[in-house]
Amino acid sequence: MNSGDVSRKADFSNDMTWVVTCDLTFDVTEAAEVAVQIVAADSAGTRTSEQFDVATDGLPPMSIDEIRTPRGERVHVIHSLPGRLTIAYRSELDAPPKSSDTTGQLGIRVTGSPPTGYERQLYLRPSRYCPSDHLVGFAVAEFGMDTDVGSHVSAITEWIRRRISYVPGSSDVHDSAEDTLLTGMGTCRDFAHLGIALCRATGIPARFAAVYAPGLFPMEFHAVFETLQFGRWYVHDPTGLAPRPSLVRIATGRDAADAAFSAVNSGVAELEYLDVSATVGSDLPWDDSLQIVELP
């Protein structure tokens, strides 16, 4: 896509509604601090209802702190005594209104402020799972340094879709974009990391997004990546497993280390159970790979 082809921007239904849920159970054997990122971001839509329940052996935990990021994403930090820690989240959301500015009139949902210079620099740099500095030679040889950012990102996304096999369980928390490139296989998380690394290696700011994904099978948390184009962040999913217009943002960061759905910061707690669901109240939207889509 060339930068002038703005007519291909995706349209969204004002009637789209979502129901997203997540249930987690941890076996806490030593008093622990557990941080979870499972709540839909404020930008994702208008909440018509929301419930977030936490208990240890049926009783309230020692404490729960909610931390909001500058982007309106929420991290819940739970301090739990030993026992069975259960977390239950459910939310119903309506689609956010379209912007009244020029971009919004073309069908894009414009959310928040344009990226800052700091964000651009941050998302150009290598990170733990996206060591883009190690992939510069390969990325430039394979994709060049095209000044048409849209076409360049499309080529990277399509290359990953054709050349990397989606294999559930084929990677673990230690695998980076380099490992995915070398093995030729991975999960949605790995596909996103490779897309980010190849974009950064060729001078395009890119970031990671954790999302709820209606239509995904089997249902789980999903990972996609976003690139900076036309002064906005647009979403890409090399797996093609769920329509991008239906995605619900949870967390955003340099890579999965910034957007993990759970982390045990201290103590001992083992995840025993995870169940995720995400549905839309109407038919799933069509996802044309030639369209550019902004994730609210």
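I began with terms: two strands pair if DSSP finds at least two bridges between them. Helices (H or I, at least four residues) and strands (E, at least two) are DSSP runs, numbered from the N terminus. I noted that the model is predicted, that local features need pLDDT of at least 70 and side-chain atom pairs pLDDT 80 or more, while totals for chains, interfaces and linings use all residues. Residues are numbered from 1 along each chain as its sequence is written, and side-chain values use heavy atoms, without hydrogens and water.

Entry 1, the sheet. I looked up strand β8 (residues 206-212) and found five bridges to β11, the two running antiparallel. Alanine 210 faces alanine 251 of β11. I then read the whole open sheet: four strands in the order β10-β9-β8-β11, paired antiparallel. β10 (232-236) and β11 (248-253) are the edges; each has a single partner strand, so one side of each lacks a neighbour in the sheet. From one strand to the next the twist averages 35°, with axes fitted to C-alpha atoms (for helices, over the stretch in contact) and angles from 0 to 180 degrees between N-to-C directions.

Helix α6 (residues 188-201) lies across β8 and β9, at about 20° to β9.

I checked pLDDT, the predictor's confidence in each residue from 0 to 100. The protein averages 90, and 90% of the residues score at least 70. Over residues 1-13 pLDDT stays under 50.

Terms used. Contact means heavy atoms within 4.5 Å.
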